[in-house]
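Subject: Structure handover

Hello,

Here is the structure I promised to pass on. Please open it next to this email and follow along.

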Amino acid sequence: MARLLVLGIMAVSGLYAGRVALRVAHRLVNPTVGANFEKGGKDEFIKYMGGFDDRMTADEARLILGVSSLASKEEIKKTHRALMMRNHADQGGSPYVASKINEARDVLMGPK
């Protein structure tokens, strides 16, 4: 009886150690971008944990649209369209999020 108990404890501790090892390996392969970022979501988007500035900066706009500082106007336009398709109020999205996406596009490309 004691032998079965010891074997059960060993099996559970081995499985737990494997789980911890997998989590550590995942974090090494997919590090977070910075202290204000958190990995998450079904599509593995990076979630920004900070707030918005009073007036949107170009860095914040690039962060919202998910483009690099070297992104072309065409890439910004394509990314903006894809985000608006997902987040438009008519599609069940948030009007606030849609306004921030539009504001980010305006900052990077200039108003229409």
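First, the ground rules. This is a predicted model, where local features need pLDDT of at least 70, side-chain atom pairs count only at pLDDT 80 or more, and totals for chains, interfaces and linings use all residues. Residues are numbered from 1 along each chain as its sequence is written, and side-chain values use heavy atoms, with hydrogens and water left out.

**Layout**

The chain has four helices and two strands. Helices (H or I, at least four residues) and strands (E, at least two) are DSSP runs, numbered from the N terminus. Along the sequence the pattern is α-β-β-α-α-α. Of the 112 residues, 17% are buried. Buried means under 20% relative accessible area, exposed over 50%, partly exposed in between (1.4 Å probe, protein chains only).

**Helices α3 and α4**

Helix α3 covers residues 73-87 and helix α4 residues 95-109. Their axes come within 10 Å and cross at roughly 175°. Axes are lines fitted to C-alpha atoms, for helices over the stretch in contact, and angles run from 0 to 180 degrees between N-to-C directions. The crossing angle makes α3 roughly antiparallel to α4. Angles under 35 degrees count as roughly parallel, over 145 as roughly antiparallel, 65 to 115 as roughly perpendicular and the rest as oblique.

Contact means heavy atoms within 4.5 Å. From α3, the contact uses K73, I76, K77, H80, L83, M84 and N87. From α4, it uses V97, A98, I101, N102, R105, L108 and M109. By class, that is eight nonpolar, three polar and three charged residues. Ala, Val, Leu, Ile, Met, Phe, Trp, Tyr, Cys and Pro count as nonpolar, Asp, Glu, Lys and Arg as charged, and the others, Gly among them, as polar.

N87 belongs to α3. N87 is partly exposed, at 22% relative accessible area. Beyond four places in sequence, N87 touches G93, S94, V97, A98 and I101.

**Helix α2**

Helix α2 spans residues 58-65 and includes E60. Its buried residues are E60, A61, R62 and L65. They pack against α3 and α4. After α2 comes G66, with a positive phi near 75°.

Which side chain of opposite charge is nearest to E60? K100, at 5.9 Å. E60 is buried yet has no salt bridge. A salt bridge is a side-chain nitrogen of Lys or Arg within 4 Å of a carboxyl oxygen of Asp or Glu. Lys and Arg count as positive and Asp and Glu as negative; His and the chain ends are not counted.

Best wishes
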